[in-house]
Each structure stands twice: as C-alpha cells, then as structure tokens.
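This briefing goes through a protein structure topic by topic. Please look at the sequence and the model before reading the points below.

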Amino acid sequence: MSNKVKAHYDILIVGGGMVGSTLACALAETGLQIAVIEKYIPGEIQPNDQYDLRVSAISHSSQNVFRHLGVWDGIEKRRCSAYEKMHVWDTQASGMGEGEVIFDAADNGVKELGHIIENRVIQLALLERINQHHNIDLISGQSVSQIQYVPEASQIILEDGTEISCRLLVGADGANSAVRQSVDIELDIAEYDQKGIVAVVTPEKHHQLTAWQRFLPTGPLAFLPLSNGQCSIVWSADSVEADRIMQLDDETFCTELSHAFDTKLGLVNSASERAAFPLIRRHANSYVKEGLALVGDAAHTIHPLAGQGVNLGLMDAASLAEVISQAKTYRRDFGSLHTLRKYERWRRGENQLMMFSMSGFKNLFGNDNRLLSKIRNFGLSLVQKTNVVKSTLMNRAMGFEGDLPKMARDSFE
Ligand SMILES: Cc1cc2nc3c(=O)[nH]c(=O)nc-3n(C[C@H](O)[C@H](O)[C@H](O)COP(=O)(O)OP(=O)(O)OC[C@H]3O[C@@H](n4cnc5c(N)ncnc54)[C@H](O)[C@@H]3O)c2cc1C
C-alpha cells in the first residue's frame, strides 16, 4: 500500500479495476489531488503464464483512450491479441436454415477490429501509469470499510481505521458497489437466468485471428482468439444447463463444446479450469448526486454477448474526466450536481441504448420459434449482403458510433 495517504483529496475513486484506474489516469492532467483505493492488486504477468480466464474484447475507441493516456504500450509489452475478423452465425438444430455474417477489418480500411486482452493486463498497465503521476495516490491492499456520504465532502474509513474525506466520491467498485449502496441509489434489474462459462481452450485448428460467435437457442457461444493460438471462450447458457456443463469432466466438456461450436475449428483438444458468472442486467436509476458519481459496472452491467461491458465503462471514465476537466477550466465546482449531471445525461442514453440492443439480441437469438429463426437468418444474410448496414454495425462494434468523449476519437491529439 502507498504510505502517502492524505486526509483529504479532491477526488476519491473507490475501486482500481479497469474503469476506476482509467478514470484516475484520465484526470491526471487536471492537477486535482486524486486517490484510488483498490483492495486487490494482481500479480505481474510472467511470459510463460497461462492465459487468464477473464479477458475483454477491447474496441478501437477504448484503445484510443488507452493510447491517449500512455497506457497502450504497457498493454502491448505484456500481451494482447488483435483480431481481424468477426464471424457470427446461427444454425438451428431444427434445420431451419443458416444465417451468417462475416465482418472483416479490411472492408472498413482498418488493420484490426479490436483486441482480446486479459483484464489483469489492462489493470496492471493502468496501475503502472498511475504510479507515474504525482497527483494520484494508489491506496492498495485494503478495502473501504465505511462510507459516509456528505454532499459537500464525503468521508470514508479504511479497514485500518484511516479516515479520508473528499469533494467528489466516485464508485468504480463493480457490480455490487458499496458506494452505490451507501447512498441508496436503486437498480433496475433483469435477471437473464443465465450464466456465462469462461475457459481457455485449445482447438485443433488455428483461430485465424477471428472472433467467432455462434448463436444457440440456449445462448451465444464465443471463441475469442489469443496470441498463442488458443481461444478464450464465453459460453452463455440457461442456469440449469450451465450448472450441468460446469459439472462435466474435461473430456466430455471438450466434446460437447466442439459440437456446440459446430466444430468450426475442429475438435477442442483441451480446456483449462472453468468459471461461471451469473448474467444480470443492472442499471442504476441515477449515476450522480451532489459530490458523488458512479462509473462502469457500479452503474450498469449488460449481457456479455457483444463484449461491450468494459468498453461502456471506459467511455464513462473518459466522459466524466472530460466534464470535470471542463468545469476546472471554467473555475466551476467539479463536484456540483450541475456539473455531474452533464456526465449522467451524456452516458445514460448511450448505455441504455446498448443495454436494450443486447437484450433484444438475446431475445431474438435465444429463441427457437420458427418465425424468429427465419427472421434472424434472413437478417444475418441481409447484413452479410448489404455493405452499408454491415459497415454501420462494424463501426458500432469497433466503438466508433455514438457521442464519444474526445480522447476516444481517432482525431484527438
Ligand atoms: C463472463 C463475462 C465476460 C465478459 N466479457 C467482456 C468483454 O469481452 N468485453 C467487455 O467489454 N466486457 C466484458 N465483460 C464485462 C466486464 O468484465 C466488466 O464490465 C468490467 O470488468 C467492469 O469493470 P469495472 O472496473 O467497472 O468493475 P470491476 O472489474 O468489478 O472492478 C471493480 C474493482 O473495485 C475493487 N473494489 C470493490 N469493492 C471495493 C472496496 N470496498 N474497497 C476497495 N476496492 C474495492 C475490486 O477489487 C475491483 O478491482 C464480461 C463480463 C462477464 C461476466
């Protein structure tokens, strides 16, 4: 833990995960005094380490944010995997035809569609950058044990009893955010009654730098390409089915996985340990209060089928930093409700749109109704044949659509 804990900070960020750490780096140039409290700092990646189970598909706009913050080099020097194509298909067991669409970076004049990166790599690169900023203190190795929200200056108490106050308290502490709970901000919740099973697998054939996704009636199954030729999988299934899959021995798991995946990459030869995460859509009724803001999973969680969760959170972080920085330039109170509402208005609509699209996708694809099956197969085939629609969808997947914060844009210097 850093030994330079001050009694008061301008901004106190609870949670130094991918989103909280990005926010801290994005605020560095404001000159404000910032602290990030993170209870768990992961160990450094070693060259021969197995790939972690938790990875994220990072969009171009998120990559722009990391580049701008001087974090991308720290990611690349550890490890990350570019993917050039995305292959999405829907083959129903009932034999109602096949729809597929293939997105290719070359069609949009870009080198890659995005990168698959371990969450730990992103966090480590960000924490390394935080340590280079004199106005940011990383307080690590212990939790926040008490939060007392006061509009003008909230106070938190660490596990060791240290008391810290701040003008702006930010909850970047994930889906079960203690900051959000401390102010009774309510959540809209939709339980999908599904779990996402993650593992690292070795298929017979090389992944061809392609992110593969098959829509099954029980949920989507993604194979994400890793730089060593393996794939990171996210297999979403109804909870009962997911529990059954989790119980399978390794050999049966590999066989079932190969067939669920249409053996697109041949048989799956081996698989790592597995982990399962309940999939829940949550949206906070409010992102801000006077002197308080929520970012990332603390404000919203979505179905992982389009791999957008952390990308939305990173856009929250960049947008909040932009709003705070503007307030500072015009000598306005960066913690006032008036200032913070700009952030909320900006991000709520964007996040809501993505959440509804993902739920719509899930309902459309997670259904073996004959009519819906025909519609989606027709839709996928149409997208494949219609360049304008394809290009628009590709832009959205790369994170180029919507009202982007400046540091997420290609043109930002
Ligand atoms: C199966 C699955 C697959 C996914 N795949 C993708 C993908 O491909 N692409 C994508 O964009 N998103 C994906 N997501 C979503 C993504 O993982 C999350 O959106 C992202 O991790 C949220 O980041 P965060 O920093 O907001 O929260 P978190 O990652 O939850 O980080 C919160 C941090 O706060 C710390 N913390 C919490 N409480 C305290 C406390 N009291 N004191 C101190 N520290 C505290 C925690 O230790 C943690 O480091 C996936 C999610 C799942 C479940």
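Predicted model: local features only at pLDDT ≥ 70, side-chain atom pairs only at ≥ 80, totals over all residues.

Residues are numbered from 1 along each chain as its sequence is written, and side-chain values use heavy atoms, with hydrogens and water left out.

**The second largest pocket**

- Rolling a probe the size of a water molecule over the atoms shows where empty space is left.
- A pocket is an open set of points on a 1 Å grid over the protein atoms alone, where a 1.4 Å probe fits and protein lies on both sides within 12 Å along at least five of seven lines.
- The second largest pocket has a volume of about 370 Å³, a volume being the space filled by probe spheres set on the grid points, which are joined across faces, edges and corners.
- Its lining (residues with an atom within 4 Å of a point) has 18 residues, and A26, E29, H68, S325 and M407 lie nearest the centre of the pocket.
- Helices α1 (18–27) and α8 (309–329) each supply at least two lining residues; α8 gives the largest share, five residues. Helices (H or I, at least four residues) and strands (E, at least two) are DSSP runs, numbered from the N terminus.
- By class, the lining has seven nonpolar, seven polar and four charged residues. Here Ala, Val, Leu, Ile, Met, Phe, Trp, Tyr, Cys and Pro count as nonpolar, Asp, Glu, Lys and Arg as charged, and the others, Gly among them, as polar.

**Aromatic rings**

- Rings of Phe, Tyr and Trp (its six-membered ring) pair if their centres lie within 6.5 Å; planes under 30 degrees apart count as stacked, over 60 as edge-to-face and the rest as tilted.
- The count by this rule is six aromatic pairs. One of them is the edge-to-face pair of W89 and F261, with 5.3 Å from centre to centre and 65 degrees between the planes.
- W89 is in strand β5 (residues 85–91) and F261 in the loop between α7 (250–260) and β16 (268–271), so this pair ties together parts that are 172 residues apart in sequence.
- Both residues are buried (under 20% relative accessible area; exposed is over 50%, partly exposed in between, with a 1.4 Å probe and protein chains only): W89 has 0% and F261 has 1%.
- W89 and F261 form one aromatic cluster together with W212 and F223.

**Charges over rings**

- A charge sits over a ring if NZ of Lys or CZ of Arg is within 6 Å of the ring centre and within 35 degrees of the ring normal.
- R79 lies over the face of Y51, 4.1 Å from the ring centre, and K264 lies over the face of W89, at 4.6 Å.

**Helix α4 and loop residues**

- Of the 12 residues of α4, 10 are buried, so this helix is largely enclosed by the rest of the structure.
- H134 is in the loop between α4 and β8 (136–140) and is exposed, at 78% relative accessible area.
- Most residues other than glycine have a negative phi.
- D184 has a positive phi, near 55 degrees; D184 is in the loop between α5 (178–182) and β12 (187–203) and is exposed, at 63%.
- Q208 also has a positive phi, near 60 degrees; Q208 is in the loop between β12 and β13 (210–216) and is partly exposed, at 47%.
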